[in-house]
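Q: I would like to go through the aromatic contacts in this model. Could we take them one by one?

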Amino acid sequence: MEVFFVVSGFIIPYSLYRGGYRLRLHWRRFVTKRILRLDPPYLATIVLVIVLTYASAAVPGFKGAQPHFTAKQLLLHLGYLNAFTGGDWVNPVFWTLAIEVQFYLMISAIFPLLVHRNTWVRIAAMGSLAGLALAIHSTPWSFSGWAFSASGSSRSSITLISWI
C-alpha cells in the first residue's frame, strides 16, 4: 500500500501541473472527477459486503457473531470519516480509500502553492508537506498512508521546482 500512496503522491501533482491546474478554475472539476471515479464502485462494494455478510450469517451452521451495521457507521462511510470517529469500516480495506480522498482534497487545495512563481512560497509549501508527513506519521490517530502521500508530494514538488 505504501508504494501506491507514494506513486499517487507523485502522479496526481504531476498531472495537475501538466494540466495547468488553478484552484478557482479547476477545483470543482478535479474533485468531481475523483468522486465519480471512486464513489460508484465504493458504494456498490459497501452494499455487496453488507448483503454477503448477512447472507453468510444465514447459512446453517454459521458460528460467527451476527452482523450488525448501524446507520451512523454507514453514514460515516459516505464521507470516508469512520477512522476519525473510531467507527468500524464495513470492509477493513476501505481505510485506503479514506486516505486517497483526504489526499485529493489536500493536494487540490495546496497545489497552487507548490507551483507558485515565487520560489520561497514553493519551498515553504514543500517544507510544510514534509513537516506534515513527519507530524502525521507520529500521531496515534493517523494513517501511515497520509505520510507516504505527503512524502510523494514532497518529492513531486522537488521535481516540479527543478523544472520551473
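Q: How many aromatic pairs does the structure hold?
A: This is a predicted model, and the structure holds 8 aromatic pairs.

Q: What is the geometry of Y42 and F94?
A: The ring centres of Y42 and F94 are 4.9 Å apart and the planes meet at 75 degrees, so the pair is edge-to-face. The cut-off for that class is over 60 degrees.

Q: Which parts does that pair tie together?
A: Y42 belongs to helix α2 (residues 23–57), while F94 is in the loop between α4 (82–85) and α5, so the pair links parts that are 52 residues apart in sequence.

Q: Is Y42 buried or exposed? And F94, buried or exposed?
A: Y42 is buried, at 2% relative accessibility. F94 is buried as well, with a relative accessible area of 4%.

Q: What about F103 and Y104?
A: F103 and Y104 form a tilted pair, with 6.4 Å from centre to centre and 50 degrees between the planes. Both residues are buried.

Q: Which residues form a cluster with them?
A: Y21, F30, F103, Y104 and F111 form one aromatic cluster.

Q: What lies over the face of Y104?
A: R34 does, at 5.3 Å from the ring centre.

Q: Changing topic: where is P112?
A: P112 is in helix α5 (residues 95–114). P112 is partly exposed, its relative accessible area being 25%.

Q: Which residues does P112 contact, leaving aside its neighbours within four places in sequence?
A: P112 is in contact with Y21 and L23.

Note on methods: Residues are numbered from 1 along each chain as its sequence is written. This is a predicted model: local features need pLDDT of at least 70, side-chain atom pairs count only at pLDDT 80 or more; totals for chains, interfaces and linings use all residues. Side-chain values use heavy atoms; hydrogens and water are left out. Helices (H or I, at least four residues) and strands (E, at least two) are DSSP runs, numbered from the N terminus. Buried means under 20% relative accessible area, exposed over 50%, partly exposed in between (1.4 Å probe, protein chains only). Contact means heavy atoms within 4.5 Å. Rings of Phe, Tyr and Trp (its six-membered ring) pair if their centres lie within 6.5 Å; planes under 30 degrees apart count as stacked, over 60 as edge-to-face and the rest as tilted. A charge sits over a ring if NZ of Lys or CZ of Arg is within 6 Å of the ring centre and within 35 degrees of the ring normal.
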